[in-house]
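Subject: Structure handover

Hi,

Here is the structure I promised to pass on. Please open it first, then read my notes below.

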Amino acid sequence: MSNYSEKTDKELIALLKDNNHNAFKEIYNRYNGLLFAYAYKRLQIEDEAKDVIQEVFIGLWENRADFILKTYLSGFLYKSVLNKILNIWKHKRVIRHHVLSQSLEVDVDSKETDFLIREKDILALVEKEIAAMPPRMREIYELKYRQYMSVKQIAKDLNISENTVATQLQRAAVHLKNKLGVMVFAIYMLQR
């Protein structure tokens, strides 16, 4: 019996596709704790976070024969968790909407609606965190990413050094990553 903990993710996926339970156990053991922490940080409800992780791993096992790893396994798993979390948030918002309006005439089954809701959720989270930045950091961040100004131009306009601008941008990125999580931050940055 080989030592599965020494295998790469790609090797484990190849074994998983051959119905290897030990490879699945290793993937689970390798990522379960990290994914739970990620889900719990966003949901703040332990049972919901556990359910999300369970659903992701069940989906991985059930779709193992057709599973194709295009990037990194960790990225795939985190994105799967994020999608489950967004679905929970969307579902809670829909329930809240129905309770408040007592109307059942909302079409939430279309792919376009789902995409728009997810995009809107992510943008709302990002906007909230940008607004929470210290004023100078927020100003520099907005000049860079909303006005599309260069570091050099920002430094000149604000009469500060380029190093200060770069440092503030780096701190803004760290702030957003810490508040939003790496996956949401990456999705936001990819949409720019």
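The axes of α1 (residues 9–17) and α2 (residues 21–43) come within 8 Å of each other and cross at roughly 140 degrees. Angles over 145 degrees would count as roughly antiparallel. This pair is therefore oblique. On the α1 side, the contact is made by Asp-9, Leu-12, Ile-13, Leu-15 and Leu-16. On the α2 side, Ala-23, Phe-24, Glu-26, Ile-27, Arg-30 and Tyr-31 take part. By class, that contact has 8 nonpolar, 3 charged and no polar residues.

Bear in mind that this is a predicted model.

Glu-26 deserves a look of its own. This residue sits in helix α2. Is Glu-26 buried or exposed? Its relative accessibility is 14%, so Glu-26 counts as buried. Setting aside neighbours within four places in sequence, Glu-26 is in contact with Tyr-4, Ser-5 and Leu-12. Leu-12 also belongs to the α1 side of the helix contact.

Next, the core. In soluble globular proteins, nonpolar side chains tend to be buried together. Here the largest nonpolar core has 29 residues. Those with the most contacts inside it are Ile-27, Leu-35, Phe-57, Leu-60, Leu-73, Leu-77 and Val-81. Which helices supply at least two residues each? They include α1 and α2, along with α3 (46–62) and α4 (73–101).

Leaving out neighbours within four places in sequence, Val-81 is in contact with Leu-35, Tyr-38, Ala-39, Val-52, Ile-53 and Val-56.

Now a loop. Ala-65 lies between α3 and α4. At 55% relative accessibility, Ala-65 counts as exposed. How far apart are Ala-65 and Lys-17 in space? The C-alpha to C-alpha distance is 4.9 Å, although 48 residues separate the two in sequence.

Finally, the whole chain:

- Secondary structure comes to 9 helices and 0 strands.
- Along the sequence, the pattern reads α-α-α-α-α-α-α-α-α.
- The protein has 192 residues, and 36% of them count as buried.
- Of the contacts between residues at least 6 apart in sequence, 61% join residues at least 24 apart.
- The accessible surface comes to about 12300 Å², with 53% belonging to carbon and sulfur atoms.

Best wishes

Methods
Residues numbered from 1 in each chain as written. Predicted model: local features only at pLDDT ≥ 70, side-chain atom pairs only at ≥ 80, totals over all residues. Heavy atoms only, no water. Axes fitted to C-alpha atoms, helices over the stretch in contact; angles between N-to-C directions. Helix = DSSP H or I, 4+ residues; strand = E, 2+ residues; numbered from the N terminus. Parallel < 35°, antiparallel > 145°, perpendicular 65-115°, else oblique. Contact = heavy atoms within 4.5 Å. Nonpolar A, V, L, I, M, F, W, Y, C, P; charged D, E, K, R; others polar. Core = buried A, V, L, I, M, F, W, Y, C linked by side-chain atoms within 4.5 Å. Buried < 20%, exposed > 50% of the residue type's maximum accessible area, 1.4 Å probe, protein only. Areas by Shrake-Rupley, 256 points an atom, 1.4 Å probe, with all protein chains shown as cover.
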